[in-house]
Amino acid sequence: MHEEDRRMYELEYPAPVIRDDSGDGQGPTMIVAMHGYADAGQAIEASADHLKAALEGRQLASFNSDELIDYRSRRPAITIDKDRALEIESMDLGIKVLRDNSGKTFLLLSGPEPDMRWEAFTTAVVKLVEKFNIEDTIMLYAAPMPVPHTRPTVVTAHGTSSRLTEHMLSMDSTMMVPGSAALYLEKALADKHRTVAGYTVHVPHYLAASPYPQATYQLLDSVARAARLNIPLGSIEADISRVENQLEEQVGGSDEIEGVVQQLEQQYDAYMERYRKEHPQAIMPGEEPMPTGEEISEEFQAFLASLDEEESQQIINTEIDDRADSAEEEGPQSDDGKDGPDSASGEGDLGDDI
């Protein structure tokens, strides 16, 4: 390791196993969830916290906070009990190797966004991506937007590969946004011809300063679908129900707020209707994607694998005779071997089935 890299981060030794036993021949996926000034609804930080709390994991790399964090601009909270300081808020930035519920491994880069040395930090992360043969990198973003909380939460996607963004909504416009360390990293990976995508969850602007678990859920659900990860989300669903009840009480008590929400609903509905016409193949917010032929084949193979060899071969070799099944439904034949009285007119069950 070069001296510059040694100052920037430290690798765990022995390093945790990154590759799993899936045998798909692909490298792991890395999720980048660095929270900073643009973390509407605290969705990015909550996503990282949920993954680390819900899944088994081990540290792979730890970045040097003294090299990257300006403690004066982002002062960590310190808990003082009587005459001594008991706890200091963690400012750890690092990469963990996590294992989903099906045993598939992936990486999570999380922690506070660096305040300084963005270019050096970016170079270090790109080297780690190459060193550990990261196949896909998915960046998480959360932005305050003029959308209502009463409609399905929108996640827009952009990236270098349609495999990670197909069927998802995209922003059909050119825009200029404030820079971030995550965007620096995304551009550097794209310049290296690595597969990288960015998922941005749209948080109602009037809720951007408060925890918004619906945004966290949609971000993680989008990642799980794209990276084919089995991520438990049940605890977030409980938080969503609680927040929805609170919002219903607050909005219902103010005619002014109700009027604003109704205007946002009209804008949202008009935009979604126009987007559906322009992108008929897109999966709209709140809709379930149809399984692909490859996914159906994989499910069938997994089903056969759950059976023993004799049962699997029997299912594969079974020939289905629709006419025989239909004839059995008609009932017994007459003594001379011919069908009953309805057969002459062709009005029996067989005729109905045809």
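Mentor: Let us begin with a term: a residue counts as buried when its relative accessible area is under 20%. Please keep in mind that this is a predicted model.

Trainee: Which residues of helix H5 are buried?

Mentor: In H5, which spans residues 181–191, the buried residues are Ala-181, Ala-182, Leu-185, Glu-186, Ala-188 and Leu-189.

Trainee: Why do they line one face of the helix?

Mentor: Seen down the axis of H5, the buried residues fall within an arc of 165°, so they line one face.

Trainee: And what do they pack against?

Mentor: The buried residues of H5 pack against helix H4 (118–131) and several strands, among them S2 (29–35), S8 (136–145) and S10 (195–204). Just after H5, His-193 takes a positive phi of about 60°.

Trainee: Now the second largest pocket. How much space lies in it?

Mentor: The second largest pocket holds about 900 Å³ of space. It is lined by 30 residues, and the closest to its centre are Tyr-141, His-158, Val-177, Leu-183 and Thr-200.

Trainee: Which element gives the most to the lining?

Mentor: Strand S8 does, with 6 residues. H5 is one of the elements that each supply at least two. The lining divides into 18 nonpolar, 9 polar and 3 charged residues.

Trainee: What is the mean pLDDT of the protein?

Mentor: The mean pLDDT is 82, and 77% of the residues reach 70 or more. Over residues 322–327, however, the pLDDT is below 50, and it stays under 50 over residues 340–354. Where pLDDT is low, the predicted coordinates should not be read in detail.

Methods. Residues are numbered from 1 along each chain as its sequence is written. This is a predicted model: local features need pLDDT of at least 70, side-chain atom pairs count only at pLDDT 80 or more; totals for chains, interfaces and linings use all residues. Side-chain values use heavy atoms; hydrogens and water are left out. Buried means under 20% relative accessible area, exposed over 50%, partly exposed in between (1.4 Å probe, protein chains only). Helices (H or I, at least four residues) and strands (E, at least two) are DSSP runs, numbered from the N terminus. The arc is that of the directions from the helix axis to the C-beta atoms. Contact means heavy atoms within 4.5 Å. pLDDT is the predictor's confidence in each residue, from 0 to 100. On a 1 Å grid over the protein atoms alone, a cavity is a set of points where a 1.4 Å probe fits but cannot get out, and a pocket is an open set with protein on both sides within 12 Å along at least five of seven lines; lining residues have an atom within 4 Å of a point. Grid points are joined across faces, edges and corners, and a volume is the space filled by probe spheres set on the points. Ala, Val, Leu, Ile, Met, Phe, Trp, Tyr, Cys and Pro count as nonpolar, Asp, Glu, Lys and Arg as charged, and the others, Gly among them, as polar.
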